[in-house]
2 protein chains.
Amino acid sequence: MVDAPTSSSSLADLWKARYRQPPPDVALPENTVVRGLMAHRSVRAFSAASVPQGTLEAAIAAAQSASSSCNFQAWSVIAVTDPQRRARLAKLAGDQAFIAQAPLFLVWVADLSRLEHVADAHAQPHVALDYLESFTMAVADTSFAAQNAAAAFESFGLGIVYVGAVRNHPGEIASELGLPPRTVAVFGMCVGHPDRKQPTAIKPRLPQSAVLHHEKYAGSEVEVPAYDATMMQFRAEQGMSPQDWSTTVIGRIRDAKALHGRDRLREELVRRGFELR
Amino acid sequence: MVDAPTSSSSLADLWKARYRQPPPDVALPENTVVRGLMAHRSVRAFSAASVPQGTLEAAIAAAQSASSSCNFQAWSVIAVTDPQRRARLAKLAGDQAFIAQAPLFLVWVADLSRLEHVADAHAQPHVALDYLESFTMAVADTSFAAQNAAAAFESFGLGIVYVGAVRNHPGEIASELGLPPRTVAVFGMCVGHPDRKQPTAIKPRLPQSAVLHHEKYAGSEVEVPAYDATMMQFRAEQGMSPQDWSTTVIGRIRDAKALHGRDRLREELVRRGFELR
């Protein structure tokens, strides 16, 4: 069993927790930023304390500082603190209790509406917004921004977890938040003080050689059995039911039903004004 | 003219450069991580020095530490250092010289191929991969990972710029990198030492009130004229031709031609095995 390292641990210890392998032979540069990023764990249990004043503003400033395709800034974020609204959103997003528990729920929105208004204000066409490219660009922009916010929140000692289940019912989420056409909630993010009585561990990932390729793509099938064993061990350490990674993956990609409504994402997006040409 | 702050400047100075507005009245928490994120600027001019040993490995460890939907880890990254290959990729990605100049070009790949192989190895179905949801999830996962890598590289004093133009010709990029079906290059990232003779500035963003909404979405049309003026001033400071934000946006969303080939993204994705149901 590996001790749970934190952002003040050495990069070597963080590497061992993340990969369950010794670090490579090459000297790794390290600093506060990289240690912080490597110490990430998703938090799904929060104390009752609210997020300190100024924290949201600083995190969103970090988010807006992320790169943005063509400086389009094709995203918005809705900060939800109202307990009733959080409870309704929790219900819509996979009925997950920690969404209602977290003092702050951020809904990250791919937003082509603002760009449409810019063109409309000058009576100009905006045909490019009707293409899948524009949706894809907006999802990437939203994600860059959100990930910077995640790093900022964690640097303040707060915990976060992403909530992909806001894509289960995009229409209802949009109604709840008053989202206009050409916008859609891409993911949520719970933010709060981690409940110290329910600490979380660093989740092991595939070996770096499985995702990092040099010059050309190389298959990673050969890496999977060892990672299956790693995840089996990790779940045992966490007191979870035994299951290897392959079994988890297979259960979640088997059929359309495993998508919990997200098999309708395309028609929901079209209904919300993304033509996805 | 605002002085160019760096990651060692105060958050107040970074805020002023990013928003061209004074910081809010609330006390903003700050630390090395947030200052680093807020100091981001895209770098498109690099010195000849290569990226130090160990830097790539540390950055990818940070990338793999980002959240991943269902722990699917649905991405790969190809590190390209070969000068001939960089030159060919530069040509394919909008003929941008800085891609060939940067010593390291990372191609970030949305990767459903690995998940398909996991199911195939157990003779199980993988129907969910055929849905737009799975592509969307993979784009978000890839972006979270890439953004962590960006923050890591910048924390080491390196500069980066994202390259969306790898989506101009996804088929040719895939051939160059040997990408299998159900994978696609989502964006590239140049990495290298910034050329000190061509310093870059912090690009102003929309006011925070334009992207951060409380409880419900609120339109941001009213914020655009002031930002138009800000971007006009920024471009003047940078010695660029005068153009406000609205004009830039309109020129890039006007018609399908403005997408430089990305109007074919949907058919290219289908050809690459993403059914996008």
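Me: Which strand of chain B does strand β1 of chain A pair with, and in what sense?
Reply: Strand β1 (residues 75-80) of chain A pairs with strand β5 (residues 212-214) of chain B, in the parallel sense over three bridges. Strands here are DSSP runs of E with at least two residues, helices are H or I runs of at least four, and both are numbered from the N terminus. Two strands pair if DSSP finds at least two bridges between them.
Me: What stands opposite A:V77?
Reply: That's B:L212, in β5(B).
Me: Where do these numbers come from?
Reply: This is a predicted model, where local features need pLDDT of at least 70, side-chain atom pairs count only at pLDDT 80 or more, and totals for chains, interfaces and linings use all residues. Residues are numbered from 1 along each chain as its sequence is written, chains are lettered from A and ligands numbered from 1 in the order written, and side-chain values use heavy atoms, leaving out hydrogens and water.
Me: OK, how many residues of chain B are in contact with chain A?
Reply: 121 residues of chain B are in contact with 121 of chain A, contact being heavy atoms within 4.5 Å.
Me: And how many salt bridges between the two chains?
Reply: Six. A salt bridge is a side-chain nitrogen of Lys or Arg within 4 Å of a carboxyl oxygen of Asp or Glu. One joins A:R167 and B:E133, with the closest N and O atoms 2.7 Å apart.
Me: Which helix of chain B gives the most to the side touching chain A?
Reply: Helix α7 (residues 132-155), with 14 residues.
Me: What sorts of residues are on that side of chain B?
Reply: 65 nonpolar, 33 polar and 23 charged. Ala, Val, Leu, Ile, Met, Phe, Trp, Tyr, Cys and Pro count as nonpolar, Asp, Glu, Lys and Arg as charged, and the others, Gly among them, as polar.
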